[in-house]
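The following paragraphs guide a new reader through the structure shown below. Please keep the sequence and the model in view while reading.

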Amino acid sequence: MHKIGIDLGGTKTEGILLDEKYNTIQRKRIETHQENGYDSIVKSIISLVNELKSKTNEETSVGICTPGVINTKSGLIKNSNTQCLIEMPLKKDIENMLGYKIFMENDANCFALAESVLGSAKGKGKTNIAGEWGHHTLHPNGNECYCGKHGCVETYISGPALEMRWLEITGKKEPLQSIVQDLSDEKAKQWKKEFLDNFGIGLANVIDILDPDIIILGGGVSNISFLYDEGKKAVYNKVFSDSIETPILKNSLGDSAGVFGACILSS
Ligand SMILES: [Zn+2]
């Protein structure tokens, strides 16, 4: 059975067709036009699936990786940062239009699945990432989050949050990859210290609760090289144990983990 995976992202939607051994037969990336609304997103997913399906004569499974969570009772999407999906029956609508069943899973879970089967955690025992870690509380009276709570992990150590904090401290609007080029002055040091403190507490909580075999970082923030030495040290300092060796590694599938994970859903 060949596998079609679709990664529905906030800015791009990627589709991939794999054979049974996860070799890539075809892949295609299109822009996600959130501004055109829910129906247009559904239509573009359908046409991407159909286009990939036409590239093989084999039977195919279809898996979709989506931001947010599917409410298991109602089948509706919740907690999605692509907000036009919220409260919509995305899986059912796509199945109705395609005329067959598909698989659908949250993007963080697809990332974990792909990295554990094909990427940096290959051969390790567990899947290693707990549900909605981005919305665990770091600071109860902290930054406001779109989820309705305050002080979520995501509002401190995600790319957009780090860029926002940089703007607050330095008055400069810069993308993350340029911010980390030079962190020598006092303001930059303050930004980095806060970042490492939050990163340390956030991941130490995960280790204290789950004791995973390995932690794989994903997203734009995972490109910051100091997270793998100074960041790891900040985490180890906060873990409730005098000896700790949990590897903290960069993903090896980059931003393709989503589509591969979506394909693996059917395995
Ligand atoms: Zn939140």
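**The zinc site and its surroundings**

Along the chain, the donors of the zinc ion are spaced as H-x9-C-x1-C-x4-C. Donors here are N, O and S atoms within 2.8 Å of the metal (3.2 Å for Na, K and Ca); water is not among the atoms, so sites may look incomplete. The model is predicted: local features need pLDDT of at least 70, side-chain atom pairs count only at pLDDT 80 or more, and totals for chains, interfaces and linings use all residues. Residues are numbered from 1 along each chain as its sequence is written, and side-chain values use heavy atoms, with hydrogens and water left out.

The protein donors are His-135 through ND1 and Cys-145, Cys-147 and Cys-152 through SG, at 2.0 to 2.3 Å from the zinc ion. His-135 and Cys-145, ten residues apart, link distant parts of the chain, and each lies in the loop between helix H3 (107–117) and helix H4 (154–157). Helices (H or I, at least four residues) and strands (E, at least two) are DSSP runs, numbered from the N terminus. The four donor atoms form angles of 106 to 118 degrees, and the site is tetrahedral, a term that requires all angles among four donors to lie between 85 and 135 degrees.

His-135 is buried, at a relative accessible area of 11%, and Cys-145 is likewise buried, at 9%. Buried means under 20% relative accessible area, exposed over 50%, and partly exposed in between (1.4 Å probe, protein chains only). Thr-155 belongs to helix H4 and is buried at 13%. Beyond its neighbours within four places in sequence, Thr-155 is in contact with Asn-143, Glu-144, Cys-145 and Ala-161, where contact means heavy atoms within 4.5 Å.

Asn-141 also lies in the loop between H3 and H4, but this residue is exposed, with 79% relative accessibility. From Asn-141 to Gly-219 there are 78 residues in sequence and 26 Å in space, C-alpha to C-alpha.

Attention now turns to a pair of helices. The axes of helix H5 (residues 159–170) and helix H7 (residues 186–210) come within 10 Å and cross at roughly 145 degrees. Axes are lines fitted to C-alpha atoms, for helices over the stretch in contact, and angles run from 0 to 180 degrees between N-to-C directions. On the H5 side, the contact is made by Leu-162, Arg-165, Trp-166, Ile-169 and Thr-170; on the H7 side, by Lys-187, Ala-188, Gln-190, Trp-191, Glu-194 and Phe-195.

Technical notes: Tetrahedral: all angles 85-135°; square planar, octahedral: opposite > 155°, others 65-115°.
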